[in-house]
Structure formats: structure tokens, C-alpha cells
Amino acid sequence: MAIRKDMGNYEPIKGVDDCDLVNETAILINPDSFTLVSVSKHCNQTDEDVEMALRDSHSRSPLPLHNANPLTTTVSSKIDDPQFSSSARPILRSSDQRQRLVSLDVFRGLTVALMIVVDYAGGVMPAINHSPWNGLTLADLVMPFFLFIVGVSLALAYKKIPSRGIATQKAVLRTLKLLFLGLFLQGGFLHGVNNLTYGVDIQQIRWMGILQRIAIAYFLAALCEIWLKGSDYVNSETALRRKYQLQLVVAVVLTTLYLVLSYGLYVPDWEYQVPSLTTSNVASPKTFSVKCGTRGDTGPACNAVGMIDRKIFGIQHLYKRPIYARSEQCSINAPDYGPLPPDAPSWCQAPFDPEGLLSTVMAVVTCLVGLHYGHIIVHFKDHRDRMLHWIIPSSCLIVLAIGLDFLGMHINKVLYTVSYMSVTAGAAGLLFTGIYLMVDVYRWRRMNVVMEWMGKHALVIYVLAACNVLPVILQGFYSGQPQNNILRLIGVPA
């Protein structure tokens, strides 16, 4: 057991909740009755669900001591180990109890609630809806918060890895599940509220989406945690940094790749078609040309993020309702959707995917930031140490984002700029610190029971509420005419 010497209090780097060996039996001293008990630790690596919820399946059961003499030497040899100091003695729990980091569930539940609020209230209050281009709103925090939570959960789920090969196989399966679920929910198969049809033209299917982005970020972060992690022996902050230095290298490489492609790729002129009806009500596509011929442009028309998606996926597979259609240049009702102004630019109706390939590169970095915060939980057992190591980098990220925005690298959710990654990851870190202080330190849990429940069932709530699956199902029950459905009965307009 590695001991922390210059990282605060003298405590084990890996707490006694960690499993070092399968079916390891240790002899502990019960601090309450000063009697000797034998504690058996079982490390059953369970499959965490697709929400990446933390499930710690260690079990401890006190065993009777039939013969104290053979234990005397064992106890005396371990009694001076700091692992068994009063500050590090474990609490005996029933064998079927599974420990969860409650603050992480509350944070996930709060993010789900925020997502539902901005989805359903964003049309009424455009100020909380996604920013039409540059800037930051409440809705722009949802995606990076989810990615941050995924990273934290991965650090806890892969705290001990019995087999890297098996862990990789399970990560691949979870990634494929999320990808296929994302294609089903956001690829165009379901046609939304007030439309009882379903099905999608493969030639028009949207390949990227929210769950697809989470799946990619989860997979790459999981590979980093499984394969790019150093020795478990950590006795100083230097050793701790050395253990995860390759993951830092990956984050730097991804950020560099994003910057090089965003500011170095040449974006040529391009065109797209929009279906329109002629005077005889015959569909006839109208072609629009967009003039670019530039590098390093971060505007809606000529950025490298959109160009890469158009080249790889094809413009027909991108999101048909671009966020910049709510900008002042493209809508007379800005910052809401509306008719085009008379002098609207030619690119206003062009498809653009807010979860594109190049922007997903920086989304992976957000997940890696969350992974680092999870490492703090694994290696630091003192609450003050943990919060200090969260607050400092979070504050630095926010300051960095403000500086980059001032220098011209604007905060932009659609492009997922470095400044956007920094400010949202910093905000996620500070919010997580506050929730951890409230829930896991001060134990104020009753007021957060709803958020905790939502956090434990985040994926189900997302599918039913945020993806309109529940409204689509309910509208299938109607009387006489499809318009006379349950949604109309409960007040949802047809």
C-alpha cells in the first residue's frame, strides 16, 4: 500500500475501499469494541450501465475468530501499517450493499433536469436556449456537463482493472450500444410529435448526434484509462502525475490537432440545395452557393468544422435545422427561429451538425478533464484535499477561457472551441465541488433525493423526455381522428 507523504495528511493513496487482490482477507481492528475481526474483501467487477454510473461492488463480512492465537502474529505485523490507522479504518457494510458517490448522481440528475428545462422552455425563453453562434447560455452547459460526468465515472469504474482485454471488449460493446441508440433516436427514424409515421431514408440519415458524441468520448477516455495508466504505486504528487502523464499527452495532442485543422485547413467555395415548391406545387430544389476560399475562419459559413462534415458525411446527412438560423443575419425573430430577412446570407439554410467530427475532438478533451477529477477521488481521501485539487484547475480553466475569448478565440458551442471547452469544464468542476461539499461532506441529501433519483436513471429520462419518445408513444392513442390524442387531452397542442 502506497502512502501519501507530501500530499496533505498521511493516509493511504489507495484507501481501504479499494480492492488490491481478489478475495483478499485482512485482519482489522474494530475501533468501537477493540475486538479482532476478519474482513473479507471481494472485488466483483460489475458491468456499469450505459449511463456510466458508479457501482462499487466491494463486500465486507465479519468472520468469527475461532482461534485467536494464529492471528496474533498477523495483527502485530499489520498494526503499525497506516492502512489501519483510525482515520483509514473502513466501516463494515453488508455484503449486498453497493457504494455510490451520491454527489455524482446528484450532478447527473441536475444536468438532466437542466436539459429538460432548456429543451421545453428554450422556445419560450430564447435567452436560455443555445447561443446562435458565439457566446454562452444555460443550454450550452448541458453537453459538456454530461461529458465531464462520464470522465469522472470512468476513473471510478476502472479504479482496478483485472483484465485490460476484457475491459476493452466491454467498453466497445457499450460504445456500440450508445451509437445505435443515438442513430435510432436522432437519425430521423422517429418523426416527432404530431406525426404518426416513422422510418428514415438511409440516404438522408443523420450520422452524428448527442449520444454518438458521448459514445466516442466515452470510448476514447475508457481506452486511455485502461491502457495509458502507469504503476499503481503512488507515494507523491510527482508519482501521481507520472502515472497519468500519457493521458495528459493525449489531451494535448487532441487539442493541437483541433487547432491545426481549425485554423490551417483551406475551406473552398461550396453549395447546397433546398427543396422548394414551384407555382405548380412541384418540388424543385433550389441551389445556393457559399463563397469562402479562406483559412482559419470561425464564422458560420466558412469554418473547417462544417467543411470536414460535408466532405466525410455529405451535406445531406447533417442536421437540417442549424443553430445559426436563429442569428440576426438569418432570422427576423432572433434569437429565435423566424422568416429570413430580405438581405439574408446564402448560407442561412445550409445544414450544419452541432455534433460534428472535428468538434467532437474537443468533446473528448472535456471527458479527459473529468477523468482527471475522478483520479483526485481515487488518490485523495481527505475532503479538503479533494476540493482544493478541484477548485484550482477549475478556476484556471475559466481564466484561460476568458483570456482566449478576449484574444479572439471566442466561446462557441457549435465549434466546441478551446475556450468553450475550458469555460464549461471549469464550470463543471466548480459545480461538482459545490455538490460534493453539500451532499458527501455535509450530508444534505434529503433535499437532493429527486436529483439523485434522476441521476440514477439519466439515460431512461433522456430517451423518454428529451428525445420525445414518450410524447410520440402517447400520441398513438387517439379517438376517431389522430388529432384527438392523449397529448391534446392533457393540453399539448396538436
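A surface patch here is made of residues with over 30% relative accessible area and no salt bridge, and nonpolar side chains are joined within 5 Å. In this predicted model, V172, L173, L176 and F180 make one such nonpolar patch, of about 370 Å². L173 places us on helix 4, which covers residues 164–186.

Now follow the chain past helix 4. R206 sits in the loop between helix 4 and helix 5 (210–227). Side chains of opposite charge can pair when their charged atoms come close. R206 forms a salt bridge with E355, and their closest N and O atoms are 2.7 Å apart. E355 belongs to the loop between helix 8 (304–312) and helix 9 (357–379). The two partners are 149 residues apart, so this pair links distant parts of the chain. The structure holds nine salt bridges.

Stay in the loop between helix 8 and helix 9, where P335 also lies. A cis peptide bond joins A334 and P335, with omega about 10 degrees. Most residues other than glycine have a negative phi, and most peptide bonds are trans. Y416 has a positive phi, near 50 degrees, and is not a glycine. Look for Y416 in the loop between helix 10 (383–406) and helix 11.

Helix 11 comes next. Two packed helices are described by the angle between their axes and the distance between the axes. Helix 3 (residues 142–157) packs against helix 11 (residues 418–441) at about 60 degrees, and the axes are 9 Å apart. The crossing is right-handed. Helix 3 brings P144, F145, F148 and V152 to the contact. Helix 11 brings Y420, T424, A425, A427, A428, G429, L431 and F432. What classes of residue make this contact? There are 10 nonpolar and two polar residues, and no charged ones.

Key:
Residues are numbered from 1 along each chain as its sequence is written. This is a predicted model: local features need pLDDT of at least 70, side-chain atom pairs count only at pLDDT 80 or more; totals for chains, interfaces and linings use all residues. Side-chain values use heavy atoms; hydrogens and water are left out. Axes are lines fitted to C-alpha atoms, for helices over the stretch in contact, and angles run from 0 to 180 degrees between N-to-C directions. Helices (H or I, at least four residues) and strands (E, at least two) are DSSP runs, numbered from the N terminus. A crossing is left-handed if the near helix is turned anticlockwise from the far one by less than a right angle, and right-handed if clockwise. Contact means heavy atoms within 4.5 Å. Ala, Val, Leu, Ile, Met, Phe, Trp, Tyr, Cys and Pro count as nonpolar, Asp, Glu, Lys and Arg as charged, and the others, Gly among them, as polar. Patches are made of residues with over 30% relative accessible area and no salt bridge: like charges are joined within 9 Å, nonpolar side chains (Val, Leu, Ile, Met, Phe, Trp, Tyr) within 5 Å. Accessible areas come from the Shrake-Rupley method with a 1.4 Å probe; for residues, only the protein chains shown count as cover. A salt bridge is a side-chain nitrogen of Lys or Arg within 4 Å of a carboxyl oxygen of Asp or Glu.
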